[in-house]
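Subject: Structure handover

Hi,

Here is the structure I promised to pass on. Please open it first, then read my notes below.

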Amino acid sequence: MSDYRTIRVEHVGSLTWVVLDRPDKANALSNELLDEFSDALRVLVNEGGPVIGIRGEGRGFSAGYDLDQVGQPAQVNPVADRERLQRNLDRYLALWDHPKPIIAAVHGYCIAGATQMCVFADITVVADDARIGEPMLPIGGGYIAPLWAPLVGPKRAKELAFVPGNYIDGPTAVEWGWANHSVPAGRLVAVVEDLAERIAKTPPDVLRIKKLSINRAMEAMGLRDATSAVAEMDALLHTSPAVRDLRQWISEVGLKDAMAAYRGPPTTQLTVNASPKPKEE
């Protein structure tokens, strides 16, 4: 397998780990990382163990798209912006279409675009203290939460989307149906590796058809069609005056201060983080 700079591929028994390996950048999804991730998935169709796992190195799974690269819209050309967004989604649909079962193991934080990766994994196991949710700054829309809707339902997806920086913890992710299991952080890797060994007792051809049949049931309910619409929605919003004004404000005050303006103490006892709007300049 190729030498990678931003991911690692590790073989442990029946499981092949794809490890997001930019811990100094919170495993932010850069163009290079996404390209290497896609390449590894292609190679693992015919190599590696019968089960694939995805996890992050360091303090968390991933903080989402690298805002200096993948997070920048093609501001002049909405058509190019739509293509950029769809290209990201196609990478995750490759998880959905992959012949092997794929397990996402989430610890620490899993934000924005990183949640898309987990949505399209076959099984997701999370640490109890994980924080899973939306980006702090509402500069996009229709790209993250709609992909949650088939798992958690429309009302919870809307609750997630409407408040900037909303997040849920591991037990809530299981309660909502976003994840399969929530376990202590120290046991996360061991639990996923044990699950992979149990899955691998089923012959690969049987696993393939089981996965395919369940996927087709979901697609009959419109999952793939719904996924095809989210890039258009996000590209459309990126052209709106409100988002352009917000981006201008962020450039003036700086990313750190902009996020601080949206971040605040919860106003309810829910596991989501309700934050104030920034003051107008």
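Start with strand β4. Both of its faces are covered. Ile 102, Ala 104 and Val 106 are buried on one side, and Ile 103 and Ala 105 are buried on the other. Buried means under 20% relative accessible area, exposed means over 50%, and partly exposed lies in between (1.4 Å probe, protein chains only). Strands (E, at least two residues) and helices (H or I, at least four) are DSSP runs, numbered from the N terminus.

A word on the source. This is a predicted model, where local features need pLDDT of at least 70, side-chain atom pairs count only at pLDDT 80 or more, and totals for chains, interfaces and linings use all residues. Residues are numbered from 1 along each chain as its sequence is written, and side-chain values use heavy atoms, with hydrogens and water left out.

Which strands pair with β4? Strand β3 (residues 51-56) does, in the parallel sense, over 3 bridges. Strand β6 (residues 123-127) is also parallel to β4, with 4 bridges. Two strands pair if DSSP finds at least two bridges between them. Look at Ala 104. It is the bridge partner of Ile 54, and it stands opposite Thr 124 in β6.

Now find Gln 69. It sits in the loop between β3 and α2 (78-97). Leaving aside neighbours within four places in sequence, Gln 69 is in contact (heavy atoms within 4.5 Å) with Ser 30, Asn 31 and Glu 32. Gln 69 and Ile 132 are 63 residues apart in sequence, and their C-alpha atoms are 22 Å apart in space.

Finally, the whole chain. It has 11 helices and 9 strands. Of its 281 residues, 47% count as buried. The C-alpha trace spans about 60 × 40 × 40 Å along its principal axes. Take the contacts in the chain with a separation of 6 or more: residues 24 or more positions apart account for 73% of them.

The chain has 30 positive side chains (Lys and Arg) and 36 negative ones (Asp and Glu), with His and the chain ends not counted. The centres of the two sets lie 3 Å apart, placing each charge at NZ of Lys, CZ of Arg, CG of Asp or CD of Glu.

Best wishes
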